Amino acid sequence: EGNYQPASGQAACVICPAGFWCDGGSTHANAFLSTYVKQPCPVGRFCVEGSTYATEACPIGTYRDTEGAQSEAECLLCPAGQYCPTPGISDETTAPLCFAGYYCAEGATDGQGAFYTGGDSGACPSGHFCPEGTAANVSNPCPIGTYNPDTG
């Protein structure tokens, strides 16, 4: 398994390349998808060399909106102001906005700004306000003549 053969009459199969998954000889009802077929790795996932199925999902805090990812490194960080709470997100536009009172850097994994890797996220600092979808802690200073002594 994790192999395929694009040509007929060959003595052996070749290892499935990264960015694809190969069904390794499973039987499909559809004759077109019969034995030893190479398929592009679907959106939201990555397929290392020798993948039998597209089981490796991009981790929380990331997404992948095109086919053919070869490694986790090709998963993209969730956009700032949004968060990606589940593995395998395939479209950044479906990622929820960061909660009001918080800001989310790229790679946020929840609406309060926890993040997958790096970044500066969390409760809105005093002196600022953070509506839903705020991307940075200095995005929205309080207007002249007003103040916010609290965080969040």
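Tutor: Happy to; we can go from the overall chain to the links and contacts between side chains.

Student: Great. Is this from an experiment or a prediction, and what secondary structure does the protein chain have?

Tutor: The model is predicted. The protein chain has 0 helices and 8 strands, so there is a simple order to read out: β-β-β-β-β-β-β-β from the N terminus.

Student: What share of the residues is buried?

Tutor: Of the 152 residues in the protein chain, 32% count as buried. On contacts, if you take those between residues at least 6 apart in sequence, 43% join residues at least 24 apart.

Student: On to cysteines. How many disulfides are there?

Tutor: The count is 6 disulfides.

Student: And what's the pairing?

Tutor: With the bonded cysteines of the protein chain numbered in sequence order, the pairing goes 1-2, 3-4, 5-6, 7-8, 9-10, 11-12.

Student: Which cysteine is in no disulfide?

Tutor: Cys142 is in no disulfide. The nearest cysteine sulfur belongs to Cys124 and is 7.8 Å away.

Student: So what is Cys124 joined to?

Tutor: Cys124 forms a disulfide with Cys130, with an S to S distance of 2.1 Å. That link is right-handed, with 75 degrees about the S-S bond. Cys124 is buried at 1% relative accessibility, and Cys130 is buried too, with a relative accessible area of 8%.

Student: Can you show me another disulfide? What is Cys58 joined to, and which hand does the link have?

Tutor: Cys58 is joined to Cys75, S to S 2.1 Å. The link between Cys58 and Cys75 is left-handed, at -75 degrees about the S-S bond. Cys58 sits in the loop between strand S4 (38-40) and S5, while Cys75 sits in the loop between S5 and S6, so the pair ties together parts that are 17 residues apart in sequence. Cys58 and Cys75 are both buried.

Student: How about Cys98 and Cys104: how far apart are their sulfur atoms?

Tutor: Their sulfur atoms are 2.2 Å apart, and the two residues form a disulfide. The link of Cys98 and Cys104 is right-handed, with 75 degrees about the S-S bond. Cys98 is buried with a relative accessible area of 0%, and Cys104 is buried with 0% as well.

Student: Switching topic: which residues make up the largest nonpolar core?

Tutor: That core has 5 residues in all: Tyr63, Cys78, Cys84, Ile89 and Ala95.

Student: What does Cys84 touch, leaving out residues up to four places away in sequence?

Tutor: Cys84 touches Cys78, Ile89 and Ala95, along with Ile60, Gly61, Thr62, Ala108 and Thr109.

Student: OK, charges now. How many salt bridges does a search of the whole structure find?

Tutor: The search finds 1 salt bridge. In it the side chains of Arg64 and Glu74 meet, at 3.7 Å from N to O.

Student: Rings, then! How many aromatic pairs does the structure hold?

Tutor: The structure holds 2 aromatic pairs. One of them is Tyr83 with Phe99, which is edge-to-face: 5.7 Å centre to centre, with 75 degrees between the planes. Tyr83 and Phe99 lie in the loop between strand S6 (76-77) and strand S7 (102-103), 16 residues apart.

Student: Are those two buried or exposed?

Tutor: Tyr83 is buried, with a relative accessible area of 12%, and Phe99 is partly exposed at 37%.

Student: Last one: where does Asp91 lie?

Tutor: Asp91 lies in the loop between S6 and S7 and counts as partly exposed, at 32% relative accessibility. Asp91 and Asp65 are 26 residues apart in sequence, and their C-alpha atoms are 5.2 Å apart in space.

Technical notes:
Residues numbered from 1 in each chain as written. Predicted model: local features only at pLDDT ≥ 70, side-chain atom pairs only at ≥ 80, totals over all residues. Heavy atoms only, no water. Phe/Tyr/Trp six-rings, centres within 6.5 Å; stacked < 30°, edge-to-face > 60°. Helix = DSSP H or I, 4+ residues; strand = E, 2+ residues; numbered from the N terminus. Buried < 20%, exposed > 50% of the residue type's maximum accessible area, 1.4 Å probe, protein only. Core = buried A, V, L, I, M, F, W, Y, C linked by side-chain atoms within 4.5 Å. Contact = heavy atoms within 4.5 Å. Salt bridge = Lys/Arg side-chain N within 4 Å of Asp/Glu carboxyl O. Disulfide = S-S within 2.5 Å.
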